[in-house]
Amino acid sequence: MSLTTQPRSRRETGVDPSPLGMPLPHGLASVPRLDPDGPAPTRKDYASDQEVRWCPGCGDYIILNTVQAFLPALGLRKENIVFVSGIGCSSRFPYYLDTFGMHSIHGRAPAIATGLATARPDLSVWVVTGDGDALSIGGNHLIHALRRNVNLTILLFNNRIYGLTKGQYSPTSEQGKITKSSPVGSVDTPFNPVSLALGAEATFVARSLDNDRAHLGEILKAAAAHRGTALVEIYQNCPIFNDGAFDAIKDRDQQAARLVHLVHGEPVRIGAEPSRQVLVRVADGALRFVAEAEAAGAGEVVVHDAHADDPSQQFALSRLDGAGMTQVPMGIFRQVERPTYDDGVRAQIDAAVTTAGGPADDADLHALLAGKDTWTVE
Amino acid sequence: MALPWSAAGYPATSEVTMTNDTVTRPAPTRLRRVVIRFAGDSGDGMQLTGDRFTAETAGVGNDLSTLPNFPAEIRAPQGTLPGVSSFQLHFADHDVLTPGDAPDVLVAMNPAALKANLADLPRGATLIVDTDEFSARNLAKVGYAASPLTDGSLDSWHLHPVPLTSITVEALAGFETLSRKDKERAKNMFAFGLLSWMYSRPMETTKAFLQSKFGAKPDILAANIAAMEAGWSYGETTESFATAYEVAPAPMPSGTYRNITGNTALAYGLVAGAHRAGLRLVLGSYPITPASDILHTLSGLKRFGVMTLQAEDEIAGIGIALGASFGGALGVTSTSGPGLALKAETIGLAVSLELPLVIIDVQRGGPSTGLPTKTEQADLLQAMFGRNGEAPVPIVAPRSPADCFDAAIEAVRIATAYRTPVVVLSDGYLANGSEPWNLPDIAALPDLTVEFATERNGVDESGRPAFHPYARDPKTLARPWAVPGTAGLEHRIGGIEKADITGNISYDPDNHQRMTDLRQAKVDGIASTIAPLAVDDPSGDADVLVIGWGSTYGPIAAAAREVRAGGGRVATAHLRHLAPFPANTGDIVRGYRRVLVPEMNGGHLALLLRARFLIDAQSYARVRGLPFTTGELVDAILATTESA
């Protein structure tokens with residue numbers, strides 16, 4: 001599996017350059033780092049003393065292991081890392097990490113994280129949420145966090161089912177799904193979380209799979225480096241209420257023929273040699289996979305541009321997959337730089353304080369209270 | 001045009017008579033108190049006129065109280081009853097407790113304003129109308145078959161028919177660049193000038209105000225000032241206004257004063273509270289009438305480090321505030337009743353997390369959208385009980401516009417000292433009403449310094465140092481406020497019931513009982529830090545206690561004063577804290593033969609007093625969208641006294 005980020009050098013710039021090579025700050029630029037000469041933290045340092053209570057075989061275990069193994073690599077002081085979650089199986093996540101954490105209420109984690117990240121630039125703030133939490137009850141907060149571009153990373157565990165309430169269809173369940181609350185099939189049209197995020201002005205959108213730890217680790221790294229809201233959709237298996245939902249793309253034999261690994265700057269391909277196909281834009285503008293040998297005559301080869309400001313092609317890629325999971329894009333769909341909301345809020349305050357000559361004191365406050373029209377009674 | 005008021009501000013009577021060589025006017029008649037109501041179309045600038053008259057009145061040292069009253073529609077159809085906007089001002093040479101029951105003077109800018117307000121105007125009061133607006137069309141719009149100006153129906157009032165619009169236009173004849181419409185728009189300043197003459201108010205600060213408002217449009221600025229001066233001259237030179245009046249300054253405690261509305265005072269109180277606590281103020285808020293001015297005011301205070309985040313909805317507003325509090329800031333959210341309903345679940349989370357949070361509810365008429373621009377007190381029970389589970393929350397209520405400042409500081413004190421969400425119940429009357437405010441000495445405000453946790457405070461099962469997020473301060477029962485970024489204090493909190501001390505998830509039955517009891521005991525314990533309920537009972541032997549909360553303070557105090565002036569005996573008490581009640585509340589309410597509870601709701605406090613103290617509290621409950629009048633409360637008190 002190819003890496004989706006470019007090599008970075010801290011030696012040259014002092015801070016990590018953005019993956020775009022632009023001089024914009026790294027996602028963690030304002031978060032205190034560990035002493036490079038001190039003891040290196042391990043995965044164990046990030047495991048809390050709480051017993052993990054997901055169902056046996058739940059995809060959440062693999063994601064937790066991946067995150068615990070990944071966090072030391074950030075090189076941050078763990079007291080400066082905060083995980084905020086909503087409600088649902090995935091939202092128990094913070095209890096199992098030895099960082100600061102808040103298990104909040106259904107759907108509201110992006111709003112709470114927005115307040116925290118804006119008030120505290122020195123924190124690395126993560127949101128853990130699920131398809132019901134983020135896309136149903138919390139849909140409004142999700143889209144507004146994305147458009148504002150608050151500096152936080154949202155991990156959306158998508159198992160296409162309500163697990164904690166024991167098996168109702170979710171906003172990502174396929175139409176016709178038989179569940180406890182849809183005994184003759186769901187009539188709801190599902191959301192495509194990546195399409196939704198792209199439509200909501202997201203600056204970083206990626207997708208990964210719970211059992212592909214190497215890929216997920218790389219995506220997490222790029223997401224943490226991104227300054228702004230990073231949305232990572234993680235396909236996650238629920239062994240109890242929606243078991244095997246992603247088997248078609250996890251099966252080693254079928255995987256290659258179904259997964260589309262998005263690599264910035266490279267043609268969009270599916271399948272393995274010798275039957276590998278490449279995506280072309282045909283005469284009517286539609287995207288179609290054709291055999292690589294025939295690509296030149298079929299149309300314009302689509303080269304993935306995750307950094308393009310116009311999200312049209314990224315959106316088109318998010319629509320490649322239908323209900324059949326026959327061509328599922330994985331990787332980073334979009335990765336662009338845009339000023340963040342929290343940096344903007346703090347900059348306005350800093351400017352006002354600087355213009356006034358420093359933080360307000362008692363005299364400044366008194367002047368505020370007095371206003372312009374006062375009178376004195378002797 | 002030479003104008004006869006001194007540049008220093010207050011127009012000396014002698015100057016007026018001396019500098020005018022055509023008319024010799026008598027010296028102004030001295031009055032103790034005056035209630036003026038300006039009424040017109042929403043677009044006529046009545047709120048601005050009222051605000052300016054208030055500022056000038058404050059400047060001459062009168063005590064005052066104001067009542068803006070405007071429709072929810074930004075611009076209802078012109079000239080119609082739904083479009084009428086009014087501003088009432090009560091000023092006096094003594095302390096003023098209410099905006100006044102009934103106006104002594106009504107300025108009606110059109111037939112709709114006359115029709116909507118005449119019923120409040122006592123017979124014999126002064127009525128000034130803009131006759132230009134009494135056209136057949138405008139009369140028909142509000143259902144007048146004949147002009148009330150000529151059919152004799154206004155004979156019981158002291159009517160001054162003034163062609164306000166045409167005189168204004170005439171006075172601005174020299175302004176060739178302005179359209180007739182522009183000139184007509186200055187008529188509110190003509191009315192302002194006329195009333196300023198009648199009540200001997202200076203106009204200097206209003207000139208300065210206009211200068212800052214219209215500085216970029218010199219023509220408009222000059223026209224407004226000219227209209228204002230023309231209004232003054234009109235009063236002085238027209239026989240129709242025989243007398244000017246003056247109201248002497250009220251004796252007030254020494255100090256520097258300003259006039260302030262409740263919403264501004266509340267915003268400033270939050271800033272002062274955060275300043276004294278050494279915390280950054282973070283407001284998460286969604287615009288809603290009548291609370292939006294708090295968001296507006298705070299968003300202009302970046303110089304004070306105040307962060308305002310306009311959220312996508314009410315729920316996000318409080319979520320942002322709670323997230324900021326988790327990070328060690330003072331999280332605040334501001335709203336009105338419908339928003340409080342939406343925030344309920346997050347308030348419950350804050351109860352469980354035991355983090356500081358201030359929730360401002362500027363109450364308005366309900367249910368549902370209700371009366372967005374009118375006042376009511378019907379959120380008391382929502383604030384107290386409107387959450388799932390046992391979720392006790394302290395409640396603080398300001399009693400006057402200026403008192404909003406102190407109430408906000410008190411809310412910050414409780415929230416930070418006890419690590420709890422606190423609800424402040426203001427209302428639409430307090431929000432937009434104003435009164436003089438004796439500026440506080442910042443250094444004398446309560447010291448609210450907060451100490452964050454820095455060290456591990458316990459040991460784990462194997463005896464190693466550990467942080468226990470739910471270990472409590474033995475005195476306040478508050479838990480440590482351990483903010484992210486503090487090494488060694490990494491911990492997880494959440495809405496699931498937590499084990500006592502460790503904060504780990506717990507479904508243990510006894511633990512849930514214990515944690516529920518602890519949360520209640522923590523809130524109950526606040527009573528030991530608040531002042532006992534004070535009773536005002538000058539005769540010392542009253543049978544009737546009138547007890548209220550929030551913005552009814554003024555009308556209740558004014559009514560009690562009137563009853564006592566008539567020889568009646570009545571005691572009053574006013575609650576600032578609704579949860580917990582002051583410790584002596586039960587003793588006080590049980591000590592009277594009758595307890596009368598006036599409230600602008602269906603009887604919330606009466607219900608609580610009955611339930612809590614087993615007394616036969618009598619409710620005087622009205623929801624008319626307006627503050628109580630002194631008169632109706634006098635009647636209610638007398639009726640209760642007679643039955644006692």
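Predicted model: local features only at pLDDT ≥ 70, side-chain atom pairs only at ≥ 80, totals over all residues.
User: How many of the residues of strand E1 in chain A are buried?
Analyst: Five of the five, residues 81-85, are buried, so strand E1 of chain A is largely enclosed by the rest of the structure. Buried means under 20% relative accessible area, exposed means over 50%, and partly exposed lies in between (1.4 Å probe, protein chains only). Strands (E, at least two residues) and helices (H or I, at least four) are DSSP runs, numbered from the N terminus.

User: New topic. How many residues does the contact take from each chain, A and B?
Analyst: Chain A gives 60 residues and chain B gives 68 residues, where contact means heavy atoms within 4.5 Å. About 5400 Å² is buried between chain A and chain B, with carbon and sulfur atoms giving 64% of that. Buried area is the accessible area (1.4 Å probe) that two parts lose on being put together, summed over both.

User: Which three residues supply more of the area that chain A buries than any other three?
Analyst: They are A:Phe100, A:Leu369 and A:Trp375, which supply 16% of the area that chain A buries against chain B.

User: How many salt bridges does the rule find across the interface of chain A and chain B?
Analyst: The rule finds three. A salt bridge is a side-chain nitrogen of Lys or Arg within 4 Å of a carboxyl oxygen of Asp or Glu. B:Arg303 forms one with A:Asp364, the closest N and O atoms being 3.2 Å apart. Over all chains, the structure holds 37 salt bridges.

User: Which elements of chain A supply at least two residues of the side that touches chain B?
Analyst: Among them are strand E2 (100-103), helix H5 (139-148) and helix H13 (362-370) of chain A. H5(A) is mostly covered, with seven of its ten residues buried. Those include A:His141, A:Leu142 and A:Arg148. After H5(A) comes A:Asn149, whose phi is positive, near 65°.

User: Now chain B. What is the order of the open sheet of five strands?
Analyst: The order is E20-E22-E21-E24-E25 (chain B), and the pairing is mixed. Strand E20 (535-536) and strand E25 (618-621) of chain B are the edge strands, each pairing on one side only. Strand E21 (residues 544-549) and strand E22 (residues 571-575) of chain B pair in the parallel sense over five bridges.

User: What does helix H20 of chain B touch on that sheet?
Analyst: Helix H20 (residues 604-613) of chain B packs on the sheet and touches E21, E22, strand E24 (594-599) and E25 of chain B. The direction of H20 makes about 145° with that of E24(B). Helix H21 (residues 630-643) of chain B packs there too, touching E21, E24 and E25 of chain B, and its direction makes about 160° with that of E24(B). Axes are lines fitted to C-alpha atoms, for helices over the stretch in contact, and angles run from 0 to 180 degrees between N-to-C directions.

User: What does the side chain of B:Asp543 meet in a salt bridge?
Analyst: The partner is B:Arg593, at 3.9 Å from N to O. B:Asp543 lies in the loop between E20 and E21 of chain B and B:Arg593 in the loop between helix H19 (585-590) and E24 of chain B, so the pair ties together parts that are 50 residues apart in sequence.

User: Is B:Arg593 buried or exposed?
Analyst: B:Arg593 counts as exposed, at 57% relative accessibility, whereas B:Asp543 is partly exposed at 25%.

Notes
Residues numbered from 1 in each chain as written. Chains lettered and ligands numbered in written order. Heavy atoms only, no water. Pairing = 2+ DSSP bridges.
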